[in-house]
Amino acid sequence: MTFSGENITIPDELVISKIYLIRNKKVMIDSDLAELFEVETKVLKQAVKRNIDLFPQHFMFELTEEECKNLRSQTVTSSWGGQRYPHFVFSEHGVLQLANVLRSNRARKMSIRIIEVFIKMRELLSTHIEILQKLEQLEKNEIEQDKKIILIFEYLKQLEKTKQQELKQNSRARIGFKQNQ
């Protein structure tokens with residue numbers, strides 16, 4: 001029986017648009033996850049704080065003020081004119097753990113859907129890396145072939161030069177003592 005996000009019909013592009021690269025990690029912001037899980041951000045954060053021991057640093061971390069400023073234009077702000085507390089951001093594993101902490105059917109299904117998108121992104125990236133490696137190999141081969149072709153032309157030039165010298169030598173008028181034959 002596959003549980004693969006049944007009854008959740010959210011396009012991959014929507015989930016991908018909510019994945020950010022922060023501190024060289026692909027993460028999702030608490031407010032975006034709250035929206036997808038259909039809970040208030042406040043409820044989500046409270047659940048995390050109550051179970052903080054389940055969220056090691058590579059599952060979840062809090063943004064610095066500078067990181068919050070960088071995201072401010074892209075995130076929803078509170079009614080008081082700004083985000084009152086720094087965002088929590090969750091890695092792929094943190095999203096799964098978050099669903100366990102929230103304990104709602106929607107959160108479990110949505111987390112599976114999000115994990116599927118993370119997996120697709122990884123597979124796509126893997127495919128792109130393979131293509132880039134093949135292109136690099138082709139480029140190296142092309143450079144090696146170019147070097148070989150240049151070397152062949154150098155040999156041909158030397159051969160032509162030798163032939164020209166030989167032809168010049170043979171067409172020169174002979175000097176010296178001639179014997180009768």
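The following questions and answers go through a predicted model of one protein chain.

User: What are the ground rules for this model?
Analyst: It is a predicted model, where local features need pLDDT of at least 70, side-chain atom pairs count only at pLDDT 80 or more, and totals for chains, interfaces and linings use all residues. Residues are numbered from 1 along each chain as its sequence is written, and side-chain values use heavy atoms, with hydrogens and water left out.

User: How do you know how confident the predictor is in the protein chain?
Analyst: pLDDT is the predictor's confidence in each residue, from 0 to 100. The mean for the protein chain is 82, and 88% of its residues reach 70 or more. Confidence is highest in β4, at 91, and lowest in helix α4 (residues 65-71), at a mean of 77.

User: Over which residues does pLDDT stay under 50?
Analyst: Over residues 1-5. The model has seven contacts for them beyond four places in sequence; contact means heavy atoms within 4.5 Å. Where pLDDT is low, the predicted coordinates should not be read in detail.

User: How many helices and strands are there, and what makes a run count as one?
Analyst: Both are DSSP runs, numbered from the N terminus: helices are H or I with at least four residues, strands are E with at least two. By that rule the protein chain has six helices and four strands. Their order from the N terminus is α-β-β-α-α-β-α-β-α-α.

User: Why is Val48 called buried?
Analyst: Buried means under 20% relative accessible area, exposed over 50%, and partly exposed in between (1.4 Å probe, protein chains only). Val48 has 0%, so Val48 is buried. Val48 lies in helix α3. Beyond four places in sequence, Val48 touches Phe55, Met60, Phe88, Phe90, Leu98 and Val101.

User: Why does Gln97 count as buried?
Analyst: Gln97 has 18% relative accessibility, so the residue counts as buried. Gln97 is found in helix α5 (residues 92-102). Setting aside neighbours within four places, Gln97 contacts Leu54, Phe55 and Phe59. C-alpha to C-alpha, Gln97 and Val48 are 9.4 Å apart in space and 49 residues apart in sequence.

User: What makes Ser111 a buried residue?
Analyst: The relative accessible area of Ser111 is 1%, so Ser111 is buried. Ser111 lies in helix α6 (residues 105-171). Not counting residues up to four places away, Ser111 touches Phe37, Val95, Leu96 and Ala99.

User: Why are Phe55 and Phe90 called an edge-to-face pair?
Analyst: Rings of Phe, Tyr and Trp (its six-membered ring) pair if their centres lie within 6.5 Å; planes under 30 degrees apart count as stacked, over 60 as edge-to-face and the rest as tilted. The count by this rule is one aromatic pair. Phe55 and Phe90 are 5.9 Å centre to centre, with 70° between the planes, which is edge-to-face.

User: Which parts does the pair tie together?
Analyst: Phe55 lies in the loop between α3 (41-50) and β3 (60-62), and Phe90 in strand β4 (residues 88-90), so the pair ties together parts 35 residues apart in sequence. Phe55, at 5% relative accessibility, counts as buried. Phe90 is buried too, at 0%.

User: How do you know that Lys45 lies over the face of Phe88?
Analyst: A charge sits over a ring if NZ of Lys or CZ of Arg is within 6 Å of the ring centre and within 35 degrees of the ring normal. Lys45 lies over the face of Phe88, at 5.1 Å from the ring centre.

User: What share of the protein chain is buried?
Analyst: Buried residues make up 31% of its 181 residues.
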